[in-house]
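Hi there,

Here is the structure I promised to pass on to you. Please have a look at it first, and then read my notes below.

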Amino acid sequence: MTLAVAVDAKMQEVTVWTRGVTLAKEARDTATLLAKAGSLEGKYHQFFDNYVDLPDRIGVPVKSYARLSPEPIETFYEYENYRPDIVVLAEETLVKGNDVLKGCKEGCVVVINTKRDINNLIKWLSPKENVSRVKAVAAIDADALGAGVFHTFDGTEGCIDDTKIGAGVGAAMAAAAAKASGIVKLETLLKIAENKKAVQQGWDAVQVVAL
């Protein structure tokens, strides 16, 4: 049992998988938006990147995290989410070859940024023994939502973060995760994201498949 499970039993953990440098900003925005929205809704929150994952390596799978709780969070010295409630994949190929469900809690929700049929991706989820814990898998093609919904490349290792939070596809992914899981409300995300159109489109376009 990890410290988080033992001490912060009511805490919800969000793990956003991405690829180093090229998609790091979008993953960070997804986690940040969910955490800040939770804060506006009166929840305690944390959000941070996992630097164990070598985020300065192009294409390497890396993770960003958010934590939300109705009670003060006492877990400060665990720098990874070991028991995620929500898993978000910023890019579809991450579903293959990565144990994205490792440690996931019962009732976990998985959100994938993809243009593929979600049923064709479910079979790649691993570890296989944890698939039974997944309540739903959601798909959002955040890359194809239209003008103004784009990838931002700043704010990565060695770069200055010039783009405001939620300017690109991270806003759509955060909204998709919120709708699929219920962790925060749409109206709260709309208050804090730079690209409100992306938030609304992500909320409207996400497809959720119950398992």
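**The sheet and its helices**

V110 stands opposite V137 in β6. Do keep in mind that this is a predicted model. The strands concerned are β5 (residues 108-113) and β6 (residues 134-140), which run parallel and are joined by six bridges.

Both belong to an open sheet of seven strands with mixed pairing, in the order β2-β3-β1-β4-β5-β6-β7. At its edges stand β2 (44-49) and β7 (207-210); each has a single partner strand, so one side of each is left without a neighbour in the sheet. On average, neighbouring strands are turned by 15° against each other, direction ignored.

Helix α2 (residues 24-40) touches β1 (12-19), β2, β3 (61-69) and β4 (86-89), and its direction makes about 0° with that of β3. Helix α4, for its part, touches β4, β5, β6 and β7, with its direction at about 150° to that of β5.

Now for α4 and its helix neighbour. The axes of α4 (residues 169-181) and α6 (residues 196-205) come within 7 Å and cross at roughly 40°, which makes α4 oblique to α6. The crossing is right-handed. On the α4 side, the contact is made by A171, A172, A175, A176, A178 and K179, and α6 contributes A198, V199, G202, W203 and D204. By type, the residues of this contact are eight nonpolar, one polar and two charged.

Enjoy exploring it!

Best wishes

Technical notes: Residues are numbered from 1 along each chain as its sequence is written. This is a predicted model: local features need pLDDT of at least 70, side-chain atom pairs count only at pLDDT 80 or more; totals for chains, interfaces and linings use all residues. Side-chain values use heavy atoms; hydrogens and water are left out. Axes are lines fitted to C-alpha atoms, for helices over the stretch in contact, and angles run from 0 to 180 degrees between N-to-C directions. Helices (H or I, at least four residues) and strands (E, at least two) are DSSP runs, numbered from the N terminus. Angles under 35 degrees count as roughly parallel, over 145 as roughly antiparallel, 65 to 115 as roughly perpendicular and the rest as oblique. A crossing is left-handed if the near helix is turned anticlockwise from the far one by less than a right angle, and right-handed if clockwise. Contact means heavy atoms within 4.5 Å. Ala, Val, Leu, Ile, Met, Phe, Trp, Tyr, Cys and Pro count as nonpolar, Asp, Glu, Lys and Arg as charged, and the others, Gly among them, as polar. Two strands pair if DSSP finds at least two bridges between them.
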